[in-house]
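Me: I have just opened this entry and would like to work through it with you. Could we look at it together?

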Amino acid sequence: MSETLPLCPQCSSAYTYEMGALLVCPECGHEWSPAADDTAPHSGDKVVKDSVGNVLADGDTVTVVKTLKVKGSPTGIKAGTKVRNIRLVDGVDGHDIDCKVDGFGPMQLKSSVVKKA
């Protein structure tokens, strides 16, 4: 193998490997396309996509696609809950949306559990 594979963009692991057309990280389970990896350094802004692939922007309204458990709350956030005026942040552990959910207050959500309304 004369070619070296890139580090994992999620956890920076050096143990990435190819599986078909994708690159895979065995440590965190992240999968990505090498073509997307080539275009990432050229784009200045981080692109955040929702669960169905729509690009999200600050101020968008999103809908929660699955019921989420919330620490300290007996119910949680139900699927179908609309969240208005989101802000995209570089959060911790994949939480890249900062918002205020009615009945729960300010919190961070992952873009993989919402879709653009």
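Me: Let us start with one pair. Which residue of β7 stands opposite Arg87?

Reply: Asp98 of β7 stands opposite Arg87. Please note that this is a predicted model, in which local features need pLDDT of at least 70 and side-chain atom pairs count only at pLDDT 80 or more, while totals for chains, interfaces and linings use all residues. Residues are numbered from 1 along each chain as its sequence is written, and side-chain values use heavy atoms, with hydrogens and water left out.

Me: OK. How many bridges join β6 to β7?

Reply: There are 2 bridges between β6 and β7, and these strands run antiparallel. Strands pair if DSSP finds at least two bridges between them. Helices (H or I, at least four residues) and strands (E, at least two) are DSSP runs, numbered from the N terminus.

Me: And what order do the strands of that sheet take?

Reply: The order is β6-β7-β8, an open sheet of 3 strands with antiparallel pairing.

Me: Is Asp98 buried or exposed?

Reply: Asp98 is buried, at a relative accessible area of 17%. Buried means under 20% relative accessible area, exposed over 50%, and partly exposed in between (1.4 Å probe, protein chains only).

Me: How many salt bridges does the structure hold?

Reply: It holds 2. One of them joins Asp60 to Lys116, with the closest N and O atoms 3.6 Å apart. This pair links distant parts of the chain, since Asp60 is in the loop between α1 (34-39) and β4, Lys116 is in strand β9, and 56 residues separate them. Asp60 counts as buried at 14% relative accessibility, whereas Lys116 counts as partly exposed at 34%.

Me: β9 again. In what order do the strands of its open sheet come?

Reply: The order is β5-β4-β9, with antiparallel pairing of the 3 strands. The edge strands are β5 (82-83) and β9 (114-116), which each pair on one side only. Between β4 (residues 62-64) and β9 there are 3 bridges, and Thr63 stands opposite Lys115 in β9.

Me: New topic. Which residues of the largest nonpolar core touch the most other members?

Reply: Among its 15 residues, these are Leu56, Val83, Ile86, Ile97, Cys99, Leu109 and Val114. A nonpolar core is a set of buried Ala, Val, Leu, Ile, Met, Phe, Trp, Tyr and Cys residues joined through side-chain atoms within 4.5 Å. At least two residues of this core come from each of β4, β7 and β8 (105-110), and β7 gives the most, with 3 residues.

Me: What is Ile86 in contact with, beyond its neighbours within four places in sequence?

Reply: Its contacts (heavy atoms within 4.5 Å) include Leu56, Ala57, Val62, Ile97 and Cys99. Asp60 and Asp98 are also among them, and each of these takes part in a salt bridge, Asp60 with Lys116 and Asp98 with Arg87.

Me: Where is Asp50, and what does it touch?

Reply: Asp50 lies in the loop between α1 and β4. Leaving aside neighbours within four places in sequence, Asp50 is in contact with Leu56, Ser111, Val114, Lys115 and Lys116.

Me: And where is His30 found?

Reply: His30 is in the loop between β2 (22-24) and β3 (31-32). Its C-alpha atom is 8.3 Å from that of Pro9, which is 21 residues away along the chain. With neighbours within four places set aside, His30 is in contact with Cys8, Pro9, Gln10, Leu23, Val24 and Cys25.

Me: Finally, how many helices and strands does the whole chain have?

Reply: The protein chain has 1 helix and 9 strands, running β-β-β-α-β-β-β-β-β-β from the N terminus. Of its 117 residues, 26% count as buried.

Note on methods
A salt bridge is a side-chain nitrogen of Lys or Arg within 4 Å of a carboxyl oxygen of Asp or Glu.
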